[in-house]
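Here are my notes on the model, as promised. Keep the structure open while you go through the points.

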Amino acid sequence: MLSTLLAVRDEEGEPMPDRQLRDEVVTMLVAGHESTGATLSWALYLLSCYPLVARRVEAELAEVLGGRTPGFQDLPRLPYLAMVLKETLRLYPPFWMLTRTPLADDELSGHRIPAGSILMFSSYVTQRRPDFWPNPEAFDPERFLPERSEGRPQFAYYPFGGGPRLCIGGRLAEMQALLVLAAVLQRYDLHAVPGQRVEPAAMLSLRPRGGLWMTLHERAS
């Protein structure tokens, strides 16, 4: 990735400034590491709370992979695992609060928005709205089936932002999370430790407050 960025030239043939190079690399690391770690924690926790969903994931992995290490080429053949990840990102988006600053005066729903204002909006709130997501607190991966997604507004779901400011590392984070989940869930069964209080902590990313304790059980080969 760094070699590619170093080789980039603009219309005048100039390379990317060092500060921009640094910012692009840091953004990619944050999006592909911080958010991935938080998302994996939530996904494993949710699967431990919904054993029927976990069993279906295991069946798909067994059919597609048969115990071998997953690769990028396998991702299109794991549609249910992809829906599990999307539903995890709906309930616990890593970047739970986003901001935008208008460059010119504007109006939003009858409210005057002066240039330079800081607008804050939360994917955590939007993605739990019952008018977009029936029974919004439930973990239901099948709500991302094509037939159940028809008519849903574009920005009812935006765990990595949207528009021209869409997170540059969002797709990388999703691919990493899918590959890690596929590899881990083939080998281990994970259960949340009973009695712990699991709640989100609104930090840079939305992560389990105080960490997440789980027991790890190796599957029979």
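1. Let's start with H4, which has 13 residues and reaches 19 Å from its first C-alpha to its last. That is close to the 18 Å expected at 1.5 Å a residue, where the expected span is 1.5 Å times one less than the number of residues. Helices here are DSSP runs (H or I, at least four residues), numbered from the N terminus.

2. A word on the ground rules: this is a predicted model, with local features needing pLDDT of at least 70 and side-chain atom pairs counting only at pLDDT 80 or more, while totals for chains, interfaces and linings use all residues. Residues are numbered from 1 along each chain as its sequence is written, and side-chain values use heavy atoms, with hydrogens and water left out.

3. How much of H4 is covered? Most of the helix is: ten of its 13 residues are buried (under 20% relative accessible area; exposed is over 50% and partly exposed in between, with a 1.4 Å probe and protein chains only).

4. Now H3, residues 51-65. Its 15 residues reach 20 Å from first C-alpha to last, close to the 21 Å expected. Val-53, Ala-54, Val-57, Glu-58, Glu-60, Leu-61, Val-64 and Leu-65 are its buried residues. Looking down the axis of H3, these fall within an arc of 165 degrees, so they line one face of the helix; the arc is taken from the directions from the helix axis to the C-beta atoms. On the face turned away from that buried side sit the exposed residues Leu-52 and Glu-63. Just after H3, Gly-66 takes a positive phi of about 60 degrees.

5. Next stop, Asp-74, in the loop between H3 and H4 (79-91). Is Asp-74 buried or exposed? It is buried, with a relative accessible area of 1%. The Asp-74 side chain reaches the backbone nitrogen of Gly-71 at 2.8 Å, a polar contact (N or O atoms within 3.5 Å; within protein, one must be able to donate a hydrogen and the other to accept it, and residues adjacent in sequence count only if both atoms are side-chain atoms). Leaving aside neighbours within four places in sequence, Asp-74 is in contact (heavy atoms within 4.5 Å) with Leu-65, Arg-68 and Thr-69.

6. On to charge pairs. Side chains of opposite charge can pair when their charged atoms come close. The structure holds 19 salt bridges, each a side-chain nitrogen of Lys or Arg within 4 Å of a carboxyl oxygen of Asp or Glu. One of them joins Glu-142 and Arg-56 at 2.4 Å, N to O. This pair links distant parts of the chain, 86 residues apart: Glu-142 is in the loop between H5 (123-126) and H6 (146-149), and Arg-56 is in H3. Glu-142 is partly exposed at 27% relative accessibility, and Arg-56 is partly exposed at 40%.

7. Two further bridges are worth a look. Arg-112 and Asp-105 meet at 3.9 Å, N to O; Arg-112 is exposed at 60%, and Asp-105 is exposed at 51%. In the other bridge, the closest N and O atoms of Arg-128 and Glu-137 are 2.4 Å apart. Here Arg-128 is buried at 11% relative accessibility, whereas Glu-137 is exposed at 52%.

8. Finally, Arg-55, Glu-58, Asp-189 and Arg-219 are linked in a network of salt bridges. Note that Glu-58 is also among the buried residues of H3.

Technical notes: Helices (H or I, at least four residues) and strands (E, at least two) are DSSP runs, numbered from the N terminus.
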